[in-house]
Amino acid sequence: MDFLMSGLAACGACVFTNPLEVVKTRMQLQGELQAPGTYQRHYRNVFHAFFTIGKVDGLAALQKGLAPALLYQFLMNGIRLGTYGLADSSGYLHTAEGTLSPVRSAAAGGLAGVMGAYLGSPIYMVKTHLQAQAASEIAVGHQYKHQALTEIGQKHGLGGLWRGALGGLPRVVVGSSTQLCTFSSTKDLLSQWEIFPPQSWKVALAAAMVSGIAVVLAMTPFDVASTRLYNQPTDIQGKGLMYRGILDALLQTARTEGIFGMYKGIGASYFRLGPHTILSLFFWDQLRFLYHSYTK
C-alpha cells in the first residue's frame with residue numbers, strides 16, 4: 001500500500017508541475033555547448049518561455065510528455081517513496097535513542113531513488129524527447145521525431161532503451177537523498193519545537209518547502225547533464241555523439257558555457273521542483289496518515 005500511495009501522490013503533483021518540466025527541459029537544452037552570447041535565446045526566463053511556447057507551439061504543448069511523465073512518476077516515486085516509507089516504518093531510519101539519523105535517512109533516500117530511476121529510465125528518456133520537440137523557430141537541442149518506446153527498441157535494441165540510465169543516477173541519488181533527508185529532518189525538528197499542532201498538515205507543508213530549496217540547489221547541475229545525455233543524437237548503434245557520460249557532460253558544459261551553464265534553467269527548476277516536492281511529499285504524508293488512521 002505504501003507503494004500505491006507514493007505513486008498516486010507523485011502523479012497528483014505531476015499534473016500541476018508538468019508545464020514547468022517542459023519549460024525546464026527547453027531552457028536546459030538552449031545554447032547547448034555554445035559560449036554565452038553566441039546563440040539566439042528563444043527563452044529568456046521562465047515566464048518568457050511559458051509565453052513563447054504557448055504562442056508558437058500552442059497551449060497544449062505546455063503539457064507535452066504528460067503521459068510518460070505520469071507513468072514515470074508513478075513507477076519511480078512509487079518505488080522511491082514506498083521503499084523509504086517501509087524503511088521509516090520498520091525503524092531503520094532511527095537510532096537506538098529514537099532520534100532520526102540523517103546518515104541513514106540520506107542513504108535510504110539515495111538507494112530508493114536509484115532503484116526507481118533505473119527502472120523508469122526508458123520512460124524518462126521518451127518524456128525528455130517529447131518535451132524537447134518544438135516548432136523550428138523555437139527549437140533547442142536535438143529534435144527526435146519518434147513517439148514511443150517500441151520505436152527506440154526496434155531501432156537500437158533493449159540496450160537503447162536504457163541509454164543514459166547510468167548517467168541519470170547521480171541526479172536521482174543527489175536529489176532523492178537530499179529531498180527525503182531534509183524533509184524528514186525538518187519535520188522531526190518542527191515536531192520537537194511544537195511550532196504547529198501535533199499531526200498538523202502545516203508540519204508536512206513547511207518541511208516540504210525547506211526540502212524543495214535544498215533539492216534545487218543540490219540537483220540542478222546533475223539535472224542539466226542528465227537532460228542533455230538523454231536528448232543527445234546517437235549513431236546507428238545507439239551510442240551518444242556528444243557526451244560519453246555524466247562526468248563528460250558536466251565538464252563539457254562547464255568548460256564551454258561556464259559555471260552558470262551548469263545551472264541553466266534553475267529558475268524553472270525551482271518553480272518546478274519546489275511545488276513538485278511540496279505537493280508530492282505533502283500528498284504522500286497525508287495519504288499515509290489517512291491510511292494508518294483508517295487501518296488502526
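## Salt bridges

In this predicted model, R244 and D248 form a salt bridge, with their closest N and O atoms 3.6 Å apart. R244 is exposed, having a relative accessible area of 77%. D248, in contrast, is buried, because its relative accessible area of 11% falls under the 20% limit.

Salt bridges with shared partners also join E21, K24, K127, R171, D223 and R272 into one network. A search of the whole structure finds nine salt bridges.

One of the pairs is E21 with K127, whose side chains meet at 2.8 Å, N to O. This pair links distant parts of the chain: E21 belongs to helix 1 (residues 2-29) and K127 to helix 4 (residues 102-132), 106 residues apart. Both E21 and K127 are buried.

R26 forms a salt bridge with D57, and their closest N and O atoms are 3.0 Å apart. R26 lies in helix 1, whereas D57 lies in the loop between helix 2 (46-56) and helix 3 (66-89), so the pair ties together parts that are 31 residues apart in sequence. R26 is buried, with a relative accessible area of 1%. D57 counts as partly exposed because its relative accessibility is 23%, which lies between the limits of 20% and 50%.

| Salt bridge | N to O distance |
|---|---|
| E21 and K127 | 2.8 Å |
| R26 and D57 | 3.0 Å |
| R244 and D248 | 3.6 Å |

Methods. Residues are numbered from 1 along each chain as its sequence is written. This is a predicted model: local features need pLDDT of at least 70, side-chain atom pairs count only at pLDDT 80 or more; totals for chains, interfaces and linings use all residues. Side-chain values use heavy atoms; hydrogens and water are left out. A salt bridge is a side-chain nitrogen of Lys or Arg within 4 Å of a carboxyl oxygen of Asp or Glu. Helices (H or I, at least four residues) and strands (E, at least two) are DSSP runs, numbered from the N terminus. Buried means under 20% relative accessible area, exposed over 50%, partly exposed in between (1.4 Å probe, protein chains only).
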